[in-house]
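User: I would like to learn how to read a strand and its surroundings in a model such as the one below. Could we go through it step by step?

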Amino acid sequence: MFASCMLPFMIKAFSKNCPKIQLRITESDSADLYARLLTDEIDLIVDSGLYNVNFYESIPLMEDHILLAVPINNRQNRNHHAARLTQKDIIAGTVNDENIPAVALADFAGEDFLLSGRGNDMYRRSLGLCRNSGFSPKVRLYLNQLMTAYHMARQGLGITFLTDSLVRKSMLSDALVYYKIKDPATTRKIFIAYRKNVYQTSAMQEFVRLSRNLYNK
């Protein structure tokens, strides 16, 4: 999600200000990225997960919110008409309307889930949301990328957890409906992480500064 929906804008801003600095982007799960950060293979991570404060520090960028994404023809949609949100609703900010009720995730306990794979922050969060609702999800597929889960759900292969940031920036589609979930754990903080007590180059500092200008408005 970060590579598809956030990094292009961050890279564009950085490259405009620092055209002679070449960037290399690595996509992987959080566990692998933090391991590479510790060995100086990479300089910065955009993430939303947990990290060891003894080894890493972070700078906040923004918050997003986890939604339940359900194929339009799923039978459960008939039972939650008042809570249904479309992609256009989310783009318009209707997701913040307090008059739109959240759903009880337990109502969807019998459905097939598409979840991020182990090592991804969304894997931990998805299992936590289900556990908080009193069930273990019936997982049809584990997927490495949140965008893959989005496209699989659009094809009707199962329900999944997506973020409002991803939904706003994805191609317009009416194949899914979205629901707010009754759980404070749906709020997710996105940040830039770097190795603790390591010299930050001027290029690293500029990348962080420009990124914060984009998302801390």
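Analyst: Let us begin with one pair of residues, keeping in mind that this is a predicted model: Leu114 stands opposite Thr160, which belongs to strand S5. That pair is part of a parallel pairing between S3 and S5, which extends over two bridges.

User: In which sense does S2 run relative to S5, and how many bridges join them?

Analyst: S2 and S5 run antiparallel and are joined by four bridges, and in S5 it is Leu162 that has Leu67 opposite.

User: Which way do the side chains of S5 point, and are they buried or exposed?

Analyst: In general, side chains of a regular strand alternate between the two faces of the sheet. In S5, Ile159, Phe161 and Thr163 point one way, whereas Thr160 and Leu162 point the other way, and all of them are buried; the strand is accordingly described as mostly covered, with five of its five residues buried.

User: Which residues have the most contacts inside the largest nonpolar core?

Analyst: That core has 37 residues, and those with the most contacts inside it include Phe161, Leu162 and Tyr178. Several elements each supply at least two of its residues, among them strand S2 (56–71), strand S3 (112–116), strand S5 (159–163) and helix H6 (146–154). Another core, of 17 residues, lies apart from it and includes Met6, Cys18, Leu61 and Leu210.

User: What is Tyr178 in contact with, leaving aside its neighbours within four places in sequence?

Analyst: With those neighbours left aside, the contacts of Tyr178 include Leu67, Leu68, Ile90, Tyr150, Leu162 and Val167.

Technical notes: Residues numbered from 1 in each chain as written. Predicted model: local features only at pLDDT ≥ 70, side-chain atom pairs only at ≥ 80, totals over all residues. Heavy atoms only, no water. Core = buried A, V, L, I, M, F, W, Y, C linked by side-chain atoms within 4.5 Å. Buried < 20%, exposed > 50% of the residue type's maximum accessible area, 1.4 Å probe, protein only. Contact = heavy atoms within 4.5 Å. Pairing = 2+ DSSP bridges.
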